Amino acid sequence: MTPTPIPDLPGGLPDTRAYALTALALLSLSCLTLAAHLHTRWAFVRRLPLLGVHVLLMTALVAAAVALLGPLAVVAPVPGHPAGWWGVPAGAVLGAALGVAVIRADRAITTSGRAPRGAPAGPRPPRMTAARPAGFAASGTAAAERRRTGLVRARNDYAPTSADLRVRPELLVAVAAFEELVFRGVLTRLALLPGEVWLAAVGLVATAAVFACSHVFFGWVQVLAKTPLAVAACAATLLTGNVLAAVIAHVAFNVWVWRYRRSEPVTRRAPARGMWGAPA
């Protein structure tokens, strides 16, 4: 019996390409979780830091999007935008301004629930000097309850150790750039692909929500704190037609976080490490 062929989807989109784009959207929305899964399952992947695996996975997703949608669909996800090439310099200026605004918003949110400092009732507790699990590794542990990995300290007895400073700034820059290419490039283009306003709105809101919720491993406060970045990056992309403003704002934020961590006193420095966090 000869199977009945599946007709093309509305809008002239072949069903095979629609399946590929759906898979791309699902993988892009779960890229950090998938990177964490790969990082914990295979020993040879654990030789790289989690963020390095995340960058490599996002690189593959961006390459797949370029093959399916074209390179301009990733860097300029709003087709036929009236700004045209003028959106590039506009995005550079807007991105710098958004970077400052996002840093201030993140700091305000992460410090809003902190109790005001008072006079110490007793001797100052000793600072933690042993290496502690962070992020995914700390989830569900006693250390996770003591530790706050937000933009600023949540408790006075927190002090970063060498484990906190292993991520090099170039890796954080790569993470910021590729996250914007995935979330504000690939996923924004996919959200706008159907052409329906309400579908685009749902897709953009879902993309921003998933980006914020991907930081839940660091606490729910971080989900709220990353919402301004998600909203601002999405708005800037729609306003300029390209992802440059979102990339610059996110890079500025990540570099600021790295500089903040470097300014914290540490008792034991990590050995020299290469670009991807592996021993140099």
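A salt bridge is a side-chain nitrogen of Lys or Arg within 4 Å of a carboxyl oxygen of Asp or Glu. The exercises below apply this and a few other rules to a predicted model.

**Exercise 1. Decide whether E170 and R168 form a salt bridge, and state how accessible each residue is.**

Step 1. For the side chains of E170 and R168, the N to O distance is 2.8 Å, and the two meet in a salt bridge.
Step 2. Buried requires a relative accessible area under 20%, and exposed requires over 50%.
Step 3. E170 has a relative accessible area of 27%, so E170 is partly exposed. R168, with 32%, is partly exposed as well.

**Exercise 2. Describe the overall make-up of the protein.**

Step 1. The protein has ten helices and zero strands. Read along the sequence, the pattern is α-α-α-α-α-α-α-α-α-α.
Step 2. The protein has 280 residues, of which 40% count as buried.
Step 3. Take the contacts between residues at least 6 apart in sequence: 77% of them join residues at least 24 apart.

**Exercise 3. Locate the salt bridge between R184 and E180, and say whether its residues are buried or exposed.**

Step 1. The side chains of R184 and E180 meet at 2.7 Å, N to O.
Step 2. Both residues lie in helix α7 (residues 169-192). They are four residues apart, about one turn of the helix.
Step 3. R184 has 1% relative accessibility and counts as buried. E180 is buried with a relative accessible area of 0%.

**Exercise 4. Classify the aromatic pairs W42 with F44 and W256 with Y260.**

Step 1. A pair of aromatic rings is described by the distance of the centres and the angle of the planes. Planes under 30 degrees apart count as stacked.
Step 2. The structure holds three aromatic pairs. Among them is the pair of W42 and F44, at 6.1 Å centre to centre with 15 degrees between the planes, which is stacked.
Step 3. W42 is partly exposed, with a relative accessible area of 40%. F44 reaches 57% and is exposed.
Step 4. The ring centres of W256 and Y260 are 5.6 Å apart and their planes stand at 15 degrees, so this pair is stacked.
Step 5. W256 and Y260 are four residues apart in helix α10 (residues 244-263), a separation of about one helical turn. W256 counts as partly exposed at 26% relative accessibility, whereas Y260 counts as buried at 15%.

**Exercise 5. Describe the surroundings of H54.**

Step 1. H54 is found in helix α3 (residues 50-69).
Step 2. With a relative accessible area of 1%, H54 is buried.
Step 3. Leaving out residues up to four places away in sequence, H54 touches C31, L32, A35, V175 and E179.
Step 4. H54 and A174 are 120 residues apart along the chain, and their C-alpha atoms are separated by 9.8 Å.

**Exercise 6. Which residues make the nonpolar surface patch, and where is V88?**

Step 1. L72, V75, W85 and V88 make a nonpolar surface patch of about 440 Å².
Step 2. V88 lies in helix α5 (residues 87-112).
Step 3. The relative accessible area of V88 is 34%, so V88 is partly exposed.

**Exercise 7. Compare a UniProt annotation with the model for residues 18-38 and 197-218.**

Step 1. An unreviewed UniProt entry lists residues 18-38, 50-73, 85-105, 197-218 and 230-258 under "transmembrane region".
Step 2. In the model, residues 18-38 are 95% helix and 0% strand, with the end C-alpha atoms 26 Å apart.
Step 3. Residues 197-218 are 77% helix and 0% strand, and the end C-alpha atoms are 34 Å apart.

Terms used: Residues numbered from 1 in each chain as written. Predicted model: local features only at pLDDT ≥ 70, side-chain atom pairs only at ≥ 80, totals over all residues. Heavy atoms only, no water. Helix = DSSP H or I, 4+ residues; strand = E, 2+ residues; numbered from the N terminus. Buried < 20%, exposed > 50% of the residue type's maximum accessible area, 1.4 Å probe, protein only. Contact = heavy atoms within 4.5 Å. Patch = residues over 30% accessible without salt bridge, like charges linked within 9 Å, V, L, I, M, F, W, Y side chains within 5 Å. Areas by Shrake-Rupley, 256 points an atom, 1.4 Å probe, with all protein chains shown as cover. UniProt positions renumbered as here; feature names shortened; annotations may be inferred. Phe/Tyr/Trp six-rings, centres within 6.5 Å; stacked < 30°, edge-to-face > 60°.
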